[in-house]
Amino acid sequence: MDPSLNSAELQRFLSQEKEKAMVNEMVTNLTSVCWDKCITSTPGNKFSSSESACLSHCAQRYMDVTLIIMKRVQSMQ
Amino acid sequence: MGSFSTGSSETQISTKEFMEQMNFQLAQAYVEKFLQTVRDKCFDKCITKPGSSVSGTESSCISRCMDRYFEATRIVSRAFNASR
């Protein structure tokens with residue numbers, strides 16, 4: 001038996017891991033969606049400034065849309 | 001409760017070991033999924049007309065595409081974390 005760690009610590013670890021997994025999932029989906037939207041030509045040696053701006057904006061707008069939808073659903077109840 | 005027993009065997013692992021193993025497996029699963037996505041995106045972008053082998057041009061495209069996708073992940077991740 002390991003006396004140095006207890007169940008509370010494990011609980012905290014699991015909930016942190018769950019949070020991390022959710023963030024990873026979100027970023028993974030976002031990158032996939034935004035890549036498809038923003039990188040339309042054959043990949044070069046670096047992004048053009050419009051491509052990197054598009055990626056950044058895309059992520060932000062995607063999150064805005066998530067909020068809009070949530071708020072609308074709440075107002076519908 | 002500070003340890004786990006694994007089924008029928010008498011092996012017990014500590015919570016700490018469990019956490020480390022879980023971290024490692026989660027990281028592995030994440031990398032695997034990420035690379036599958038990179039493969040799909042870059043195949044899509046670089047292999048427009050599959051030939052009898054991968055050409056040098058297609059190869060270079062794949063390398064660049066991988067770098068760009070990593071970069072895209074960084075940009076999106078930064079934007080995401082900035083708003084949390």
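Reader: In what order do the elements of chain B run from the N terminus on?
Author: In this predicted model, the order in chain B is β-β-α-α. That comes to two helices and two strands.

Reader: And how many disulfides are there over all chains?
Author: The count is four disulfides over all chains. In chain B, with the bonded cysteines numbered in sequence order, the pairing is 1-4, 2-3.

Reader: Which residue does C42(B) pair with?
Author: C42(B) is joined to C65(B), with an S to S distance of 1.9 Å. Since C42(B) belongs to helix α1 of chain B and C65(B) to helix α2 (residues 56-82), the pair ties together parts that are 23 residues apart in sequence.

Reader: Is that disulfide left-handed or right-handed, and why?
Author: The torsion about the S-S bond of C42(B) and C65(B) is about -85°, so this disulfide is left-handed.

Reader: Is C65(B) buried or exposed?
Author: C65(B) is buried, because its relative accessible area is 0%, under the 20% cut-off. C42(B) counts as buried too, at 2%.

Reader: What about C46(B), where does its disulfide go?
Author: C46(B) bonds to C61(B), S to S 2.0 Å. The two cysteines are 15 residues apart, C46(B) in helix α1 and C61(B) in helix α2 of chain B.

Reader: Changing topic: where is E20(B)?
Author: E20(B) is in helix α1 of chain B, which covers residues 15-46. E20(B) counts as partly exposed because its relative accessibility is 44%, between the 20% and 50% limits.

Reader: What share of chain B is buried?
Author: Buried residues make up 30% of the 84 residues in chain B.

Notes
Residues numbered from 1 in each chain as written. Chains lettered and ligands numbered in written order. Predicted model: local features only at pLDDT ≥ 70, side-chain atom pairs only at ≥ 80, totals over all residues. Heavy atoms only, no water. Helix = DSSP H or I, 4+ residues; strand = E, 2+ residues; numbered from the N terminus. Buried < 20%, exposed > 50% of the residue type's maximum accessible area, 1.4 Å probe, protein only. Disulfide = S-S within 2.5 Å.
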